[in-house]
Amino acid sequence: MVNQNDVKLSLYHIYAAFVALFIGGSLGLLQTLVRSESITLPFKLNYYQILTAHGVLLALVFTTLFIFGFMYAGISRTTGEFTSHRRKAAWIGYLLMIIGTVLGVVMILMNKATVLYTFYAPLQASPLFYIALALLIVGTYFASYAIISQYNGWRKANPGQKTPLFAFMAVATIVLWLIATLGVVAAVLFQFIPWSLGWSEEINVTLSRTLFWYFGHPLVYFWLLPAYMAWYVVVPKVIGGKIFSDSLARLAFLLFILFSIPVGFHHQLTEPGISEAWKFLQVILTFAVILPSLMTAFSMFASFELAGREKGYKGVFGWFKGLPWSDVRFLSAFIGMAFFIPAGAGGIINASHQMNQVIHNTIWVTGHFHITIGATVILTFFGIAYWLVPHLKGRVLTKRMNSLANFQIVLWTIGMFIMSAAMHFSGLSGNPRRTQNTDYNGHEVASQWGSYETAMAAGGTLLLFSIFMFIILIIRLAKTEPLGQEEFPIGTALDESTNPPKLLENWKLWIGIAIALILVAYTIPVFDIIQNPAPGSPGYKFW
């Protein structure tokens, strides 16, 4: 059970996340309709405005708020009630995140922060937009303190005992986040805010982009690791099985910390001013992150097979039939896992220097982004919400609601498949991203993109309908479904009787290795970018 004093904290984060999902998803549909020339926006609203708002609300705000809401609930469930001072820190963090979100969105809607999702220089926003980003990140630091302090408190109160796997994974996720955000904090505080205030006339564009992508790639794993938490800890319980290996799960999360941060240059393979040797090093480290992903895939399917065989299913793949396909808690996560196979393959293509030349800055990249967060992550988050909200509200996920939830999941899956497939295929033929118009004055190469743009709009329409349905179902689960106690599923491991090696919980060692890898990958090239900068740039506001 989640302690009642912590329920409100978790729910406030989750509800705010769903507001961001609703607004950001609606703006996403507008984008696809504008690109396909199905609609024309009102005069005072431009395509690049809604692109910025869509990216910020979904990729930054929705994910961050939901992740912390989920982790608060899981930490309370596995380590006990938050102390009053930790809960106070968490509420301060929530308020800062909300203030930062509202201020940032207002700036975007006022067309004073139309800088696209990556806020790439030399596009310049109002100083208030960058201050809003700073508030959002500082809010997460208060939240991170609450969770890490709770974890350390549990360890002190239970010396020698194995820490709950969920709590370990939550701390690993936060460690990754804290290290990764150093890049964007440095860029915002020391470059963007002084530049936007007019204190400096020009900005070092290469440095700003390098600092952004130092943060931007591990951000993907900040989204993914909570989904992995559900896969490792929740799904085995849902299917009536066991966690294949507690130690393997912990090692996988530690490897994500090591290999997901010093890899930002693979987003800058065509960027001038960065040595090819340093790009090559970070591409190698990018490929290393495939290892913990493969470990996760192995662990999950081992859990599936073991559960099926315990139920008596025979044959090489007989266990596959024994999985609870009608249970939305499993179905949503499994479809997310299936989407991550092409998402991972696309990531390898994006990070490969030769293949990247084919799809660089095309809508292929947008398609990859959407099946990573829009399919793998969000589908898993949907599945979490369907049991977590009724658990926190003291209600039950009934069979009827489960069936409706399955329909919503399938609708989202179809919409995301149509939209992302169209993005991938048209990207291969050169269809650009970050642009409103793609007809190129009727050029024959661009003429083939029209049907793909229509498919994107059709897929986006299905996705928005799915969001509407999801919001309605969540409101019903919170307000009108029968009172009762929905399970918070926490799985147990096959090796439950043995403690994982103490080395896996030596945080000083793993953080030290991560910092060493970062220093090797970034110190010399960043020093060179600062010492030998390209000509600086003033700010530009095109819309």
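Me: Which angle do the axes of helix H5 (residues 165-196) and helix H6 (residues 205-238) cross at, and how do I read it?

Reply: Axes are lines fitted to C-alpha atoms, for helices over the stretch in contact, and angles run from 0 to 180 degrees between N-to-C directions. Here the H5 and H6 axes cross at roughly 165 degrees and come within 9 Å. Helices (H or I, at least four residues) are DSSP runs, numbered from the N terminus. One caution: this is a predicted model, where local features need pLDDT of at least 70 and side-chain atom pairs count only at pLDDT 80 or more, while totals for chains, interfaces and linings use all residues. Residues are numbered from 1 along each chain as its sequence is written, and side-chain values use heavy atoms, with hydrogens and water left out.

Me: Are H5 and H6 roughly parallel or antiparallel?

Reply: Angles under 35 degrees count as roughly parallel, over 145 as roughly antiparallel, 65 to 115 as roughly perpendicular and the rest as oblique. H5 and H6 are therefore roughly antiparallel.

Me: What is the hand of the H5 and H6 crossing?

Reply: A crossing is left-handed if the near helix is turned anticlockwise from the far one by less than a right angle, and right-handed if clockwise. For H5 and H6 the crossing is left-handed. Their contact residues comprise 26 nonpolar, five polar and no charged. In this sorting, Ala, Val, Leu, Ile, Met, Phe, Trp, Tyr, Cys and Pro count as nonpolar, Asp, Glu, Lys and Arg as charged, and the others, Gly among them, as polar.

Me: Nice! How do H12 and H15 pack?

Reply: Helix H12 (residues 363-393) packs on H15 at about 15 degrees, with the axes 10 Å apart. That makes H12 roughly parallel to H15. The crossing is left-handed here too. Contact means heavy atoms within 4.5 Å, and residues that meet include Phe 382 and Tyr 386 in H12 and Phe 470 and Leu 473 in H15. The contact of H12 with H15 has twelve nonpolar residues, no polar and one charged.

Me: Where does H10 bend?

Reply: The bend at a residue is the angle between axes fitted to the seven residues ending there and the seven starting there. H10 bends by about 25 degrees at Ile 341, with a proline, Pro 342, following within four residues.

Me: Which peptide bond is cis?

Reply: Look at the bond from Ala 121 to Pro 122, which is cis with omega near 15 degrees. Pro 122 sits in the loop between helix H3 (84-109) and helix H4 (127-157).

Notes. Helices (H or I, at least four residues) and strands (E, at least two) are DSSP runs, numbered from the N terminus.
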